[in-house]
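These are my notes on the two-chain model you sent. They are set out as numbered points, one topic to each.

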Amino acid sequence: MYTRLVRWIDDRLMVSPLWRDMADHPVPAHVNPSERVSAFVYCFGGVTFLLIIAQFITGMFLAMYYVPDIVNSYNSTKYLMHHVLFGLQLLSMHNWGSSLIIIMVTLHMLRIYWMGVYKKPRELNWLVGVTLLILILAFGFTGYLLPWDEKAYFATQVGVSFAKYVPFIGPALQKILSGGNNIGAATLTRFFAIHVLFLPALLIAFLGLHFLMIRRQGITGPY
Amino acid sequence: MNDHEHEHKAKEYQDKGVVPFWPEHLLKELVVGLVAIAVLFVFSLFVHPSLGHVADPGDWAYVPAPDWYFYWVENFFDVGGYYWSVLGLVKYDWILMFLVPAIGVATLYLVPFIDRYPERRLLKRPLMLGLLMFGMLFLGYFTANGVYAHDTLTAEEPYNIFKSSCATCHYIQGLGGDQTGAVKTPTGQWIYPPDLSHVGSILSPAQIQAQLENPKGGMPQLNLPPAAIKDLVPFLSNLK
């Protein structure tokens, strides 16, 4: 039954060769934690990716309750925390997830740096990786504003104020970021859109590049 | 792929010391990943984020704090900005606030092009080892210093609010207070704002909070922001 289904799909889409190519792709044994326990250092990147998927899922569920305007964002967050079944756990997972991702990304970068993985031919993937780091920090910064409590408001005020020091375009940049002269209603919707639409799109694109390059270049051998 | 081919491939992989991505590699990596997800899940059961008072742009008493991984940014600009102004370079703010961070980000991007060593071992790449040590010390120092500075600021905050909002009329332990808040009654007597040195043993925290929010007696409505009241109530309650 299963074989017939696969054959039926394959007759039309030829998925098997793609799948076989991915599944049979040889991975050096020295990165496998069951061969050598110390190989877990090769997992930090993969774990980060898994945590990013977890963030996507918890984020989608949070968006079911969150209302991005200055009257309701605080109240909807409060409602989620106190009245929604598992709402507080959901928010907690999203909150902890951001911290764990920062830790895992740092460990991943340290491993890359320590082993000199970015050397030829992998220079370009390092550039993509640093861009991913900046995107992840941008996720953290924009997400911090969304509950719209005092911590969120004043930290964002401080953060956005740094933009004004960029030469020539500083004041304009600050205005674009906050959607006006102050942190207010426009800032909140803007940060919400950046956090849930712009950044995920960019993140997926750059993750795709990251993985394609790893596939093309392979994993570095031991020294 | 038939069984014969499969066996052939398994033999070839074994000779090369490699394993197929699926299932040999990914399943084992997923085990490590599931541990991370389990950690996330357990943390989320026991430690929850807190929601503060709703954002109030007029709250002058609130001490802002970034997320833990941004403490170093805030503290670097704080400390750097202080010395920058001591040196009289305020006019060239953009060097500290833009050029320095831009050089930092550029350095991070250019790591593969800075590292010209043929060796991959870090100990054989002294410049890269030095850069790493510098980066770690930089992040570590400014993060720790940022947390310390924030704690000091929050600890001093109640007393500063008392000085700016209460000490004009009241005094504690011989400090503050003058004739400003004195009221003359119709019968010609003077009523002075009470000494708050022992207010904690006279009023309960709830009574103190009520008095701050809706003052009774001769005290004017101060419209204290929420963060100020949150800081003042425990501060005054501890004056016993």
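1. In this predicted model, the axes of H3(B) and helix H6 (residues 126-166) of chain B come within 8 Å and cross at roughly 80°. Because angles of 65 to 115 degrees count as roughly perpendicular, H3(B) is roughly perpendicular to H6(B). H3(B) contributes Tyr71(B), Trp72(B), Glu74(B), Asn75(B), Phe76(B), Asp78(B) and Val79(B) to the contact. From H6(B) come Leu139(B), Phe142(B), Thr143(B), Asn145(B), Gly146(B), Val147(B) and Ala149(B). By class, the contact of H3(B) with H6(B) has eight nonpolar, four polar and two charged residues.

2. The annotated spans of chain B come from the UniProt record. The unreviewed entry gives "transmembrane region" for residues 30-51, 94-114 and 126-144 of chain B. In the model, residues 126-144 of chain B are 100% helix and 0% strand, and the end C-alpha atoms lie 27 Å apart. For residues 30-51 of chain B the figures are 77% helix and 0% strand, with 34 Å between the end C-alpha atoms.

3. Chain A has its own annotated spans. The unreviewed UniProt entry places "transmembrane region" at residues 39-67, 96-114, 126-146 and 192-214 of chain A. Residues 96-114 of chain A are 100% helix and 0% strand, with end C-alpha atoms 27 Å apart. Residues 126-146 of chain A are 95% helix and 0% strand, and their end C-alpha atoms lie 31 Å apart.

4. Next, a helix pair within chain A. Helix H5 (residues 87-114) of chain A and helix H6 (residues 123-145) of chain A pack at an angle of about 160°, with their axes 11 Å apart. An angle over 145 degrees counts as roughly antiparallel, so H5(A) is roughly antiparallel to H6(A). The crossing of these two helices, H5(A) and H6(A), is left-handed. On the H5(A) side the contact residues are Ser98(A), Ile101(A), Ile102(A), Val105(A) and Met109(A). They meet Leu133(A), Ile136(A), Gly140(A) and Gly143(A) in H6(A). Six residues of the contact of H5(A) with H6(A) are nonpolar, three are polar and none is charged.

5. What is the peptide bond from Lys120(A) to Pro121(A), cis or trans? The bond is cis, with omega near 10°. Pro121(A) sits in the loop between H5 and H6 of chain A. Chain B also has a cis peptide bond, joining Trp22(B) and Pro23(B), with omega about 0°. Pro23(B) is found in helix H2 of chain B.

6. One backbone angle in chain A should be noted. Phi of Met14(A) is near 55°, a positive value in a residue other than glycine. Met14(A) is placed in the loop between helix H1 (2-13) and helix H2 (15-23) of chain A.

7. How many residues does the contact between the chains take from each? Chain B gives 57 residues and chain A gives 60. On the chain B side, the elements that give two or more residues are helix H1 (3-16), strand E1 (18-20), H2, helix H3 (71-86), helix H4 (93-109) and helix H5 (111-114) of chain B. H2(B) gives the most to this side, with 14 residues. The side of chain B that touches chain A divides into 37 nonpolar, seven polar and 13 charged residues.

8. One helix pair spans the two chains. The axes of helix H3 (residues 44-62) of chain A and helix H2 (residues 21-46) of chain B come within 9 Å and cross at roughly 50°. H3(A) and H2(B) are therefore oblique to each other. H3(A) passes H2(B) in a right-handed crossing. H3(A) supplies Gly46(A), Val47(A), Leu50(A), Leu51(A) and Ala54(A) to this contact. H2(B) supplies Glu29(B), Val32(B), Gly33(B), Ala36(B), Ile37(B) and Leu40(B). The contact of H3(A) with H2(B) has eight nonpolar, two polar and one charged residues.

9. Strands also link the chains. Strand E1 (residues 26-28) of chain A is joined to E1(B) by three bridges, and the two strands run antiparallel. Pro26(A) has Pro20(B) as its bridge partner in E1(B).

Definitions and conventions:
Residues are numbered from 1 along each chain as its sequence is written. Chains are lettered from A and ligands numbered from 1 in the order in which they are written. This is a predicted model: local features need pLDDT of at least 70, side-chain atom pairs count only at pLDDT 80 or more; totals for chains, interfaces and linings use all residues. UniProt positions are given in the numbering used here, feature names are shortened, and annotations may be inferred rather than shown by experiment. Helices (H or I, at least four residues) and strands (E, at least two) are DSSP runs, numbered from the N terminus. Axes are lines fitted to C-alpha atoms, for helices over the stretch in contact, and angles run from 0 to 180 degrees between N-to-C directions. Angles under 35 degrees count as roughly parallel, over 145 as roughly antiparallel, 65 to 115 as roughly perpendicular and the rest as oblique. A crossing is left-handed if the near helix is turned anticlockwise from the far one by less than a right angle, and right-handed if clockwise. Two residues are in contact if their C-beta atoms, placed from the backbone, lie within 7 Å. Ala, Val, Leu, Ile, Met, Phe, Trp, Tyr, Cys and Pro count as nonpolar, Asp, Glu, Lys and Arg as charged, and the others, Gly among them, as polar. Two strands pair if DSSP finds at least two bridges between them.
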